[in-house]
Amino acid sequence: MAFGFGLSVILLLSVWTTAKCDHVPNEVLHMECRDRYFMIAVDLFYTGNEPSFEAVDETGVYPITKQYAAKCGYSVSVFPASGHVELRASYFSCHADNKKDEVFTFNFNLIVTHKGKEVTYALNKTCSPSLPWSPREVTCEVNYMEVTVSSDVACPGTKKGDWDAVVKTAYASATADWQVMFQKVQQELLPISLKTAKTHGYAFDLTDGRLVFRTPYGQPESYSNEVNGVPVEVVHATLFSRQSWVLVMVDLVAACSMHKGSYDNSGYIMWETPEVLHPLVSGHNRMQVNIGVNGELVAQPVAEKRGYIVKLQNSTVEISIPYSAEGGYRKSIVSGNLYEFYMFHFYFEQISLDGDHVDTRLRVHRTLATPLVPRPVSTANRTVSEERTFTVYLGDIPEDVALAAVHLNGQEFTVPFTNASRAKITKVVVANHTHGYTLKVPFDDSVVKQRLIKSATIMHMLDINYTLTVLPENEPFYQVTSVMALTNASSPAFDAVCSESGISFKLDHRPIDYLWEICIGSELLTSELAAKHGYIMSNNTQRLLLEVPLFTLGYKYKDITLNGFFGTFELLMRDHQTVEVQNSTVKTCQFSATELIVCSADGRITVLADLPSVITSEGDPARINLVDRNCVPKEMDGTRALFSFPINSCGATVKLGKEYVTYENDIFFSKKSHGQADSSNASHRVTMQCTYPLAGLLRLFLVYRFESDTAGVGRIVHFAHSSEGLRPTIKPTTILQTPLSTQKVSIQPAYAQYLNVSSVPNNISKNIARFSENMASFLKNISSFPNNLFRERCQRPKEYIQFSKQCLK
């Protein structure tokens, strides 16, 4: 019979051993032997949210359910905040292999589900307590109370050996000989057998050297009591056996503080326990208090250095744990708004002496957690209006919260922002385990709302909705704020780009742009004006694009050489009510051209002419001149010549029409005659003309000086070969016409005779044709007047005015 039982045990162990071939990876599993218990911790991401354990010994496999754990000395806790499941097993738990209270071997199965399949892992460990056993030890676990007393504690006056013999003999007797009686306040219950007590959930055991009693919380035989205002649960069991004429009785009392912890706004969670829980559990002589979290104890002075506060107040031990204490867990929760809670796996030890100088070691495991505490996220407007950028700081964000998106005036921007956006978001890490974000949005960004208020002041408005998520659940919540800033209204500013053919301007429209008008010179930029002058313009609700080809009206030129020149175009922004110019966009670009002519408003002609190849094949540069043969090029290359001279010099002629006045000169290519150039024998010429509108002419040139509020329109005309004088009737071969800028240049003449053309009466305008015919001969002969005549006329203004009227007649 014995052989059959042994064989069945061997077969069972063999099946258990071979079935558990899987192994939990070391990085997700942690097993550790502590002072009074064995601990297993496994990461939840590996086990899932519903792992389970089984206890294994030579008698079989036992699922560790909630009730079974409390009865047999196990506690299983799932900690989502820290991401692991934890099993704690008492060294005197039901299925631990105990060798002389010195070596304890544990065997467990961990059961998880992977991809729909249930997988079992075998876990085992052998532990030896690092501290010697005290005569009496009480453990207050989260789901049970356990008392162990040394079996060699003799009654006063009794020899130790005799006591050991009595206890062991009594315990070895038939179970029916042992009974237990539970005592309550002023009440004694009837004794029951150990077998009956075990069916009620109690556990009694006798090891080589200790008596063990274990009970779940809330048993019918337990009672609650308040000690110094602290709730205490007590189970008082008296174990006795009558052997012949000897009665053996042992008091096994378990008493634990049931304080659940409290908190306040000071950043601490508090826990309390009476200094004396029960006269048979802890004595009045408190020797030492040790405190810690996660099963690791430190002495009171060390704990206080870590921020713990330990007080003895009215015979009550009060312990305050800072939220920031190492080993605690913090979790953010979304419940409409953002909340948080703090949780500590608190471990407490109290060592005391009773009146018989027997020390008792009390250990308490408690999970202390705060309720949901509001955790507001702060926003701060750090905008400096002079920087013209909104700067908003979002702070006090916990580590397990991340920014996912930002809505700016309803437009969504995911984090991180793309480079296409002018808005920028930057993460800021703070030392107190929080972080924040700095948002920057320029005032003129298209996402910012703008409203014009009185005195040309602009209100910039930005509604911000931050979307934050709690990790790892990705539960969203929102932080909303609004910011505004006032600035003076600024005129539009164009972006300008150079090209080979001209200058391009771009303006992104703003809601306030209607406050300004865009002008070129004195003319308002419209689609009609663009078509008139050859500009290419497109204008929609988003932006204005303007392409200004080279040599169109509005350009100013400078530094003209054979290698190139600089062209400048200016757009003016003026107030639409006062018509005052408030800003301008000026763009200067370098260009090159084969030919060009510039007729400036101050009466100067600059010409770059492309001359026929006859210059190099039939002549030389010394033979090139204007009508006045003393006027020669400033620069020349193979076929091009550059001239720059006053409009009335170098033999220029003037043609006066009804609406325009034209100044004309010629470039001649002369053949040598006895070493001199002779324009009368010219065979080739290029004609240049500068035409000015009479309506814009302030002073009509008569002698040396000239004043106009508009530049002239230049033309270069190439004629074919001719030897019949200076004015051939042959049609021109090529014509270059360059309308130029409208820059107004006002030069006061020192010695000049002039007519104010704008004040000419209408009757004189009717005779303007006759005036034009006589003006040419008048100007041709004016240079022969004696110089003293001009001086004399200037000194006698009345006669000078009369002289001018004679000219008009």
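Q: Why is Ser315 called partly exposed?
A: In this predicted model, Ser315 has a relative accessible area of 39%. Buried would need under 20% and exposed over 50%, so Ser315, at 39%, is partly exposed.

Q: What is the phi of Ser315, and where does the residue lie?
A: Phi of Ser315 is near 60 degrees, a positive value in a residue other than glycine. Ser315 sits in the loop between strand S24 (309–313) and strand S25 (316–322).

Q: Where is Asp559, and what is its phi?
A: Asp559 belongs to strand S45 (residues 556–561). Its phi is positive, about 50 degrees, although Asp559 is not a glycine.

Q: What makes the link of Cys498 and Cys589 a disulfide?
A: The cut-off is a pair of cysteine sulfur atoms within 2.5 Å. The sulfur atoms of Cys498 and Cys589 are 1.9 Å apart, so the pair counts as a disulfide. Cys498 lies in strand S39 and Cys589 in strand S47 (residues 581–591), so this pair ties together parts that are 91 residues apart in sequence. With -80 degrees about the S-S bond, the link of Cys498 and Cys589 is left-handed.

Q: Which label, buried or partly exposed, goes to Cys498, and which to Cys589?
A: Cys498 has a relative accessible area of 36% and is partly exposed. Cys589 has 3% and is buried, because buried means under 20%.

Q: How do you know that Cys599 and Cys690 are bonded?
A: Their sulfur atoms are 1.8 Å apart, and a disulfide needs the two sulfur atoms within 2.5 Å, so Cys599 and Cys690 form a disulfide. The pair ties together parts that are 91 residues apart in sequence, because Cys599 lies in strand S48 (residues 596–599) and Cys690 in strand S57 (residues 684–693).

Q: Why is the disulfide of Cys599 and Cys690 called left-handed?
A: The torsion about the S-S bond of Cys599 and Cys690 is about -75 degrees, so the disulfide is left-handed. As for accessibility, Cys599 is at 0% and counts as buried, and Cys690 is also at 0% and buried.

Q: What makes Cys631 and Cys650 a disulfide pair?
A: Their S to S distance is 1.9 Å, and the cut-off is within 2.5 Å, so Cys631 and Cys650 are joined by a disulfide. The torsion about this S-S bond is about -90 degrees, so the disulfide is left-handed. Cys631 lies in the loop between strand S50 (624–625) and strand S51 (635–636), and Cys650 in the loop between strand S52 (640–646) and strand S53 (653–656), so the pair ties together parts that are 19 residues apart in sequence.

Q: Why do Cys631 and Cys650 count as buried?
A: Cys631 has a relative accessibility of 13% and Cys650 has 9%.

Q: Why is S37 described as largely enclosed?
A: Of the 14 residues of S37, 11 are buried, so S37 is largely enclosed by the rest of the structure.

Q: How do you know that S37 and S38 pair?
A: Pairing takes at least two bridges, and S37 and S38 have 14 in the antiparallel sense, so the two strands pair. One example is Met461, which stands opposite Met484 in S38. S37 is also joined to strand S32 (residues 401–408) by 7 antiparallel bridges, and to strand S36 (residues 449–453) by 5 antiparallel bridges.

Q: Why do S30 and S34 count as edge strands?
A: The 4 strands of this open, antiparallel sheet come in the order S30-S31-S35-S34. Strand S30 (378–381) and strand S34 (424–429) each have a single partner strand, so one side of each is left without a neighbour in the sheet.

Key: Residues are numbered from 1 along each chain as its sequence is written. This is a predicted model: local features need pLDDT of at least 70, side-chain atom pairs count only at pLDDT 80 or more; totals for chains, interfaces and linings use all residues. Side-chain values use heavy atoms; hydrogens and water are left out. Buried means under 20% relative accessible area, exposed over 50%, partly exposed in between (1.4 Å probe, protein chains only).
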